[in-house]
Amino acid sequence: MKNAFQPRCRPSLSIVGSSDRFPVRRIYCVGRNYREHAREMGDDPSREPPFFFSKPADALLELAEGEGQAKRNRVFYPPRTKQLHHEVELVAALGRGGFEIAAEVALEHVFAYALGNDLTRRDLQAEAKEKRRPWDLAKGFDGSALCGPLHGVGENGHLEAGRIWLEVAGELRQEGDIGEMIWSVAEIVADLSTYVRLHCGDLIYTGTPAGVGGLEIGDSVRSGIEGLAEIEFQIVEPQAAEAPA
Ligand code: MN
């Protein structure tokens with residue numbers, strides 16, 4: 001049997017210190033995993049626990065790490081929005097799957113971590129919330145899942161604390177600490193695995209700290225997680241950007 005057309009390549013990420021690539025299966029995201037961010041979104045974190053949503057795997061756009069990469073890391077401003085928001089996040093990449101994984105062993109399923117950004121068309125999300133419609137097009141558009149190269153847990157171990165931050169044009173916008181997450185990475189993996197069977201290749205965006213805000217064409221953005229990575233990128237007009245691979 002042969003395909004009627006050549007399927008598109010599976011999205012993948014590079015792995016620091018290796019020539020292997022990490023084939024991405026699914027992208028899951030956690031909403032409201034930092035108290036101050038839950039409050040800025042108008043929610044009470046003591047009453048509403050975090051929750052999950054997802055993006056298509058091919059919404060992924062890999063960015064290069066380190067200083068001076070902003071010219072290379074071009075992120076195109078998406079269509080049908082006037083309110084593109086940044087959400088800097090720790091990304092956990094799974095090397096092993098499972099169903100109903102116990103929290104005590106959940107970190108054994110994490111292969112690597114990366115610095116990511118859950119770009120959001122906030123105006124579309126606000127409209128979807130108001131009209132009780134799905135978030136898919138607010139969250140899962142092309143190039144919405146920014147991610148740096150993966151850092152294997154063998155390199156740095158598991159990240160339990162560390163400053164997470166984002167600057168736009170030199171101005172600090174987002175700041176928090178990985179240790180402030182309402183659900184830890186282990187708890188996220190354990191809970192998510194009660195809804196779906198997880199597999200190697202799954203990415204989990206673990207939520208964003210307070211200070212989300214708008215991006216404009218021409219903005220230069222710097223972000224980082226202490227002890228993990230720093231990434232610089234720029235927002236460009238759609239026609240100036242290459243389509244995500
Ligand atoms: Mn997010």
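Q: Which protein residues are the donors of the manganese ion?
A: The donors are E87 (OE), E89 (OE) and D118 (OD), lying 2.0 to 2.1 Å from the manganese ion. Donors here are N, O and S atoms within 2.8 Å of the metal (3.2 Å for Na, K and Ca), and water is not among the atoms, so sites may look incomplete.

Q: What kind of model is this?
A: This is a predicted model, in which local features need pLDDT of at least 70 and side-chain atom pairs count only at pLDDT 80 or more, while totals for chains, interfaces and linings use all residues. Residues are numbered from 1 along each chain as its sequence is written, and side-chain values use heavy atoms, with hydrogens and water left out.

Q: How are the donor residues of the manganese ion spaced in sequence?
A: The spacing is E-x1-E-x28-D. E87 lies in the loop between β7 and β8 and D118 in strand β9 (residues 110-118), so the pair ties together parts that are 31 residues apart in sequence. Strands (E, at least two residues) and helices (H or I, at least four) are DSSP runs, numbered from the N terminus.

Q: Are E87 and D118 buried or exposed?
A: Both E87 and D118 are buried. Buried means under 20% relative accessible area, exposed over 50%, and partly exposed in between, with a 1.4 Å probe and protein chains only.

Q: What does S144 contact, leaving aside neighbours within four places in sequence?
A: S144 is in contact with K55, A59, N117, D118, L119 and K139, contact being heavy atoms within 4.5 Å. One of these, D118, is also a manganese donor. S144 sits in the loop between α4 (136-139) and β11 (145-147), and it is buried, with a relative accessible area of 0%.

Q: Back to β7. Which strands are in its sheet, and in what order?
A: The order is β10-β7-β16, three strands in an open sheet with antiparallel pairing. β10 (120-121) and β16 (213-215) are the edge strands, each pairing on one side only. Two strands pair if DSSP finds at least two bridges between them.

Q: How many bridges join β7 to β16?
A: Three, and the two strands run antiparallel. H85 has G214 in β16 as its bridge partner.

Q: Changing topic: how many cavities of 30 Å³ or more are there?
A: The count comes to two. On a 1 Å grid over the protein atoms alone, a cavity is a set of points where a 1.4 Å probe fits but cannot get out, and lining residues have an atom within 4 Å of a point. Grid points are joined across faces, edges and corners, and a volume is the space filled by probe spheres set on the points.

Q: What volume does the largest cavity have, and what lines it?
A: The volume is about 120 Å³. The lining has 16 residues, of which G31, R32, H37, E87 and Q125 lie nearest the centre. β3 (27-31), β4 (51-55) and α3 (122-131) each supply at least two lining residues, and α3 gives the largest share, three residues.

Q: How does that lining of the largest cavity divide by class?
A: Five residues are nonpolar, five polar and six charged. Ala, Val, Leu, Ile, Met, Phe, Trp, Tyr, Cys and Pro count as nonpolar, Asp, Glu, Lys and Arg as charged, and the others, Gly among them, as polar.

Q: And the second largest cavity: what volume, and which residues line it?
A: The second largest cavity has a volume of about 50 Å³, and its lining includes L63, L115, G116, N117 and F233. By class, that lining has six nonpolar, four polar and no charged residues. β9 gives the largest share, three residues.

Q: Where is R80, and what is its phi?
A: R80 is in the loop between β6 (74-76) and β7 (84-86). Its phi is near 60 degrees, a positive value in a residue other than glycine. Most residues other than glycine have a negative phi. R80 is exposed, with a relative accessible area of 74%.

Q: What about the phi of E100?
A: E100 has a positive phi of about 50 degrees although it is not a glycine. E100 is in the loop between β8 (88-94) and α2 (103-106), and it is exposed, with a relative accessible area of 53%.

Q: Last one: is L94 buried or exposed?
A: L94, in strand β8, is buried, with a relative accessible area of 0%. Not counting residues up to four places away in sequence, L94 touches several residues, among them F22, F111, V189 and I204.

Notes. 1 Å grid on protein atoms, 1.4 Å probe; cavity = no way out; pocket = protein on both sides within 12 Å on 5 of 7 lines; lining within 4 Å.
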